[in-house]
Amino acid sequence: MNAETISQLYRKRFANRSLILVSNREPYIHRKTKTGIKVDTPAGGLTSALDPVMRAIKGTWIAWGSGSADKKVSDEEGKVMVPPDDPLYTLKRVWLDQKEVDGFYYGYANQALWPLCHMLIEKARFHQRHWRRYFEVNRKFADAVIPEIKNKKDIIWIQDYHFTVLPYMLRTRARDLTIAMFWHIPWPPWEIFRVIPQRIEILKGMLGCDLIGFHINRYCQNFLECVENEMGAEIDWDKNTVFYEGRDTRLLPLPISIDFNTFEEMTREATAKTNLPDIRKKLKLEGKYVGIGVDRLDYSKGITERIRAIKLFLKKYPAYHERFTFIQIAVPSRTKIQEYSELKVRIEKMIDEINKEFGTEYWTPIIYYSTNVPHKELVNYYRIADIAIVSSIVDGMNLVAKEYIASQVDEKGVLILSEFVGAVAELNKAIIINPFDVEHFADMIRRGLEMPEEEKKRRMQKMRAYVQTHNIFDWINDNLNAVQKETL
Ligand code: GDG
């Protein structure tokens with residue numbers, strides 16, 4: 001599938017039914033700067049994955065208007081056409097005040113649900129005031145969705161853990177709406193989920209959907225187990241379906257992916273402009289092995305575990321001194337939350353220590369960037385990297401792994417992948433590691449660097465063929481097929 005086929009298919013199958021997508025993060029952020037208004041694309045898997053889908057299908061994307069110049073460029077309804085340089089679909093912004101952002105986004109979504117769903121109970125904070133704001137903001141989004149529904153068959157597609165109570169709110173306003181949801185992070189087992197004081201409201205809210213997509217079947221099963229224990233609803237385990245308040249909610253494993261062809265093209269284009277030896281030269285990487293890590297700076301991504309493994313690797317294998325450099329791109333994220341700002345300091349300290357301990361006048365073992373690097377540049381780093389390390393301690397899917405594969409146009413790179421990411425089932429030709437097993441992890445870095453060329457190529461070709469044929473357009477096609485089936 002590609003953008004063109006999905007666009008045609010949508011028009012054919014869903015004529016007159018618009019797609020209304022709801023997410024917290026917006027795909028384009030307008031920012032005031034000294035030299036005028038700039039547009040940023042945020043670092044994050046959800047927007048990276050869904051922007052190509054919306055470009056193909058068009059429709060309306062409703063999200064929090066978080067940029068300092070967002071209001072200036074939007075009309076009185078909060079609407080603006082995007083992408084800014086090639087307008088294809090409508091972005092409708094919802095305005096939140098600081099109290100709402102603090103309670104809804106930094107509070108309940110990212111200090112309660114995010115850690116809990118990543119099974120890190122001790123990091124989760126449940127404050128009633130955060131929950132109240134979260135609930136109110138969900139209602140605000142419901143108010144923003146309703147006027148966009150022009151046909152009762154329009155498809156409302158809600159994204160992620162920021163909007164657990166929104167589906168039920170919409171359902172009570174109009175019973176026949178088509179409401180689908182995609183859950184981008186893990187769904188924990190019941191023993192963990194039951195810690196949430198508002199668990200009944202959350203499940204009830206989500207059961208307002210016709211369809212809920214998760215990356216893998218285990219998350220679907222975990223959800224069903226929670227519903228069974230908490231709601232007393234009727235469940236069909238074979239069909240992954242819940243029967244609640246006279247309606248069905250179907251769950252589906254739908255592993256998300258990337259726009260493979262665009263990543264591949266971007267890589268070829270970027271390298272045509274900036275030649276690779278020049279990037280290597282600029283970074284003092286000529287003749288060196290290069291490793292890459294790209295993450296939103298988040299404790300779930302296993303960045304500290306990765307740095308520990310690199311340290312041990314350098315200790316155990318001194319032959320790699322001055323011959324191996326690791327580039328870590330870690331874009332700051334949710335920095336208003338103490339846990340995140342502390343993590344940033346810890347990571348920087350660890351990198352600094354390694355660079356002091358092992359570095360020389362000619363060699364910096366870990367090069368660290370903490371700024372947003374646009375995809376058009378990011379692909380240069382992916383391409384020159386002999387190995388990429390994705391070492392999350394828990395991760396719904398992980399798109400960086402798939403992006404690295406798409407950018408490996410020379411089929412030379414090796415992916416080192418945590419066994420705790422959703423993507424592991426699909427990318428089984430990677431070198432699989434347990435980020436907590438630091439010795440094995442360090443040895444696998446060496447194994448990646450020393451893997452015979454032929455084996456590297458064989459593994460990379462298999463993974464490239466897989467991601468190419470299971471790309472973001474195949475994923476949206478599967479979502480739409482399911483929507484069509486559920487809402488005939
Ligand atoms: C959630 C789930 C799931 C990174 N640095 C920059 C940048 N990025 C982009 C990457 C990639 C995205 O951010 C990160 O995607 P992930 O999938 O790794 O992670 P989350 O943001 O945690 O996403 C995750 C995903 O949702 C989709 O369902 O896979 O499991 O946690 O696209 O390239 N992008 C830009 N500059 C950077 O510096 N522009």
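Which residues is D295 in contact with, leaving aside its neighbours within four places in sequence?

1. D295 is in contact with K301, I303, R306, Q328, I329, A330 and V331, leaving aside its neighbours within four places in sequence; contact means heavy atoms within 4.5 Å. The model is a predicted one, in which local features need pLDDT of at least 70 and side-chain atom pairs count only at pLDDT 80 or more, while totals for chains, interfaces and linings use all residues. Residues are numbered from 1 along each chain as its sequence is written, and side-chain values use heavy atoms, with hydrogens and water left out.

2. D295 sits in strand β13 (residues 289-296); strands (E, at least two residues) and helices (H or I, at least four) are DSSP runs, numbered from the N terminus. D295 counts as buried because its relative accessibility is 6%; buried means under 20% relative accessible area, exposed over 50%, and partly exposed in between (1.4 Å probe, protein chains only). The side chains of D295 and Q328 are joined by a polar contact of 2.9 Å. A polar contact is a pair of N or O atoms within 3.5 Å; within protein, one must be able to donate a hydrogen and the other to accept it, and residues adjacent in sequence count only if both atoms are side-chain atoms.

3. The protein chain is divided into domain 1 (3-256 + 472-487) and domain 2 (260-468), with bounds from an automatic or database domain assignment. Taken over C-alpha atoms, the centres of domain 1 and domain 2 are 30 Å apart.

4. In the interface, 29 residues of domain 1 are in contact with 23 residues of domain 2. Two salt bridges are found across the interface of domain 1 and domain 2, a salt bridge being a side-chain nitrogen of Lys or Arg within 4 Å of a carboxyl oxygen of Asp or Glu. D102 forms a salt bridge with K336, with the closest N and O atoms 3.0 Å apart. Helix α4 gives the most to the side of domain 1 that touches domain 2, namely eight residues.

5. The largest nonpolar core has 101 residues, of which W187, F223 and I445 touch the most other members. Such a core is a set of buried Ala, Val, Leu, Ile, Met, Phe, Trp, Tyr and Cys residues joined through side-chain atoms within 4.5 Å. Its largest share, eleven residues, comes from helix α4 (residues 98-117). At least three residues of this core come from each of domain 1 and domain 2. Apart from it lies another core, of 74 residues, including I279, M397, L399 and M463.
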